[in-house]
Each structure stands twice: as C-alpha cells, then as structure tokens.
Amino acid sequence: MSELRVRSRWWYWVAAVPVVAAFWVVTALWIVGVVALVPQAGASAASAVVSIPAVALGVPALVAYLAMPLAAHMDGRAIRDAGGEIPGLAGETPKLGAAIDLVLVVGVYLFFEGGNAVSEPDPVGTLLVAAAVVAGTWLSVRYVRARRDVVVMPSGLREWRAELREGERV
C-alpha cells in the first residue's frame, strides 16, 4: 500500500459512474417488480424496464459518463505531479473513456431517434447504450481500484468527511 497523498477530488466523478449504473439497475428491477405485481401499472415489461429508468436517470448518468474521461485525466495528472502513476490499462482511462462516451452518445441518439422512442426504443441504440454502460462501469471500477493501490484513499465515512473538510480550510 502506498503512502502517496494527492489533493485531487476528480476521482469522485470516476467513482460516480458505477453508482449511477447501480441506481439504474435497482430502478429497472423496481419497475419489473411493479409491472409484474401490479396489473394496473399499464406498462409492458420490455418498454418500461428499459425506458423509464433510462429517461429518469438519463441526465445524471450522461453527465457522470461524459465527465469520466476528463476526471480521470485531471486526477491522473495530479497523481503524476505528486510522483505516482496509475499503471496499465487503468492509466489509459481518459482515452478509453472518451471512446466509450462516443459509443454512448451514438447509442443515446439512436435510442431516442423517431417519435416513439420511449415506448419502442431502437434496438441498436439500446445495445450501444448498454455496452457503453457496462464498459464505462468496468473501466471506472478498474481505475478506482488501481488508484487505491497508488494513492492513499479514504477508507471510511470519517476519513471522507475529513478529506472533504480539508478543502474548506484552503
């Protein structure tokens, strides 16, 4: 374990990606439960499971995924300035994240193309969005794990609060 300390909070944006993906999965499972257990819900399972969480979490998810490459770049730069280096594939997170963002933007465009996008989403757009979500989540988890091996990170709520309060004193 490293003793390197970095005053960068950019990694929080990278860590937000799997959190948003987890919220989407929980929301989708909740919708499946409602549709399956409440016949009056009036939504078909296929369209509701994909569309409702996609629309409800779309803006926060898009912001988190689009911010990930910039955040990984800025955090990696702060780590390099402090004398560390993110190793291997995780070190390429800014470039890979930008490619994933491109796939995500194309998928979102195709998903919402046409008039009935919410009730009948485009299958190619849906596939591209799903692939970008899985790839972006995997990449961000890999980055945060690699960062943990290089940089001292908060391990509990008290340490997180202390780290966040450090910025208030500056």
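What follows is a chat about a predicted model of a protein chain.

Visitor: Let's start with the overall fold. How many helices and strands are there in the protein chain?

Guide: The protein chain in this predicted model has six helices and zero strands, and the pattern read along the sequence is accordingly written α-α-α-α-α-α.

Visitor: And what share of the residues counts as buried?

Guide: Of the 170 residues of the protein chain, 32% count as buried. The accessible surface of the chain comes to about 10,200 Å², and carbon and sulfur atoms make up 67% of that surface.

Visitor: What about contacts with a separation of 6 or more, what part of them comes from residues 24 or more positions apart?

Guide: Among the contacts in the protein chain with a separation of 6 or more, 78% are between residues 24 or more positions apart.

Visitor: Now the inside. Which residues touch the most other members of the largest nonpolar core?

Guide: That core has 26 residues, and the ones that touch the most other members are Leu4, Val14, Ile79, Ile86, Tyr143 and Val151. At least two residues of this core come from each of helix H1 (11-37), helix H3 (58-81), helix H4 (93-112) and helix H5 (123-150).

Visitor: Which helix gives the most to it?

Guide: Helix H3 does, with seven residues in this core.

Visitor: You mentioned Leu4. What does Leu4 touch, not counting residues up to four places away in sequence?

Guide: With those neighbours set aside, Leu4 is in contact with Ile79, Ala82, Gly83 and Gly84, and also with Val150, Val151 and Val152.

Visitor: Switching to charges, how many salt bridges does a search of the whole structure find?

Guide: The search finds two salt bridges. In one of them Arg147 is paired with Asp75, and the closest N and O atoms are 2.7 Å apart. This pair links distant parts of the chain, with Arg147 in helix H5 and Asp75 in helix H3, 72 residues apart.

Visitor: How far apart are the C-alpha atoms of Arg147 and Asp75?

Guide: The C-alpha atoms of these two residues, Arg147 and Asp75, are separated by 9.4 Å.

Visitor: Is Arg147 buried or exposed, and why?

Guide: Arg147 counts as buried because its relative accessible area is 1%, where the cut-off for buried is under 20%. Asp75 is buried as well, with a relative accessible area of 0%.

Visitor: What else does Arg147 touch, leaving out residues up to four places away in sequence?

Guide: Besides Asp75, the residues in contact with Arg147 are Val6, Ser8, Trp11, Ile79, Ile86 and Met153.

Visitor: Ser8 is on that list. Where is Ser8 found, and what does it contact?

Guide: Ser8 sits in the segment before H1, and it counts as buried at 6% relative accessibility. Leaving aside its neighbours within four places in sequence, Ser8 is in contact with Asp75, Ala78 and Arg147.

Visitor: Are Trp11 and Tyr12 buried, exposed or partly exposed?

Guide: Trp11 counts as buried at 4% relative accessibility, whereas Tyr12, with a relative accessible area of 23%, is partly exposed.

Visitor: Last one, Thr137. Where is Thr137 found, and which backbone oxygen lies 2.7 Å from a polar atom of its side chain?

Guide: Thr137 is found in helix H5, and the backbone oxygen in question is that of Val133. Thr137 counts as buried at 18% relative accessibility, and, not counting residues up to four places away in sequence, it touches Val17, Pro18, Ala21 and Tyr65.

Terms used: Residues are numbered from 1 along each chain as its sequence is written. This is a predicted model: local features need pLDDT of at least 70, side-chain atom pairs count only at pLDDT 80 or more; totals for chains, interfaces and linings use all residues. Side-chain values use heavy atoms; hydrogens and water are left out. A nonpolar core is a set of buried Ala, Val, Leu, Ile, Met, Phe, Trp, Tyr and Cys residues joined through side-chain atoms within 4.5 Å. Buried means under 20% relative accessible area, exposed over 50%, partly exposed in between (1.4 Å probe, protein chains only). Helices (H or I, at least four residues) and strands (E, at least two) are DSSP runs, numbered from the N terminus. Contact means heavy atoms within 4.5 Å. Accessible areas come from the Shrake-Rupley method with a 1.4 Å probe; for residues, only the protein chains shown count as cover. A salt bridge is a side-chain nitrogen of Lys or Arg within 4 Å of a carboxyl oxygen of Asp or Glu. A polar contact is a pair of N or O atoms within 3.5 Å; within protein, one must be able to donate a hydrogen and the other to accept it, and residues adjacent in sequence count only if both atoms are side-chain atoms.
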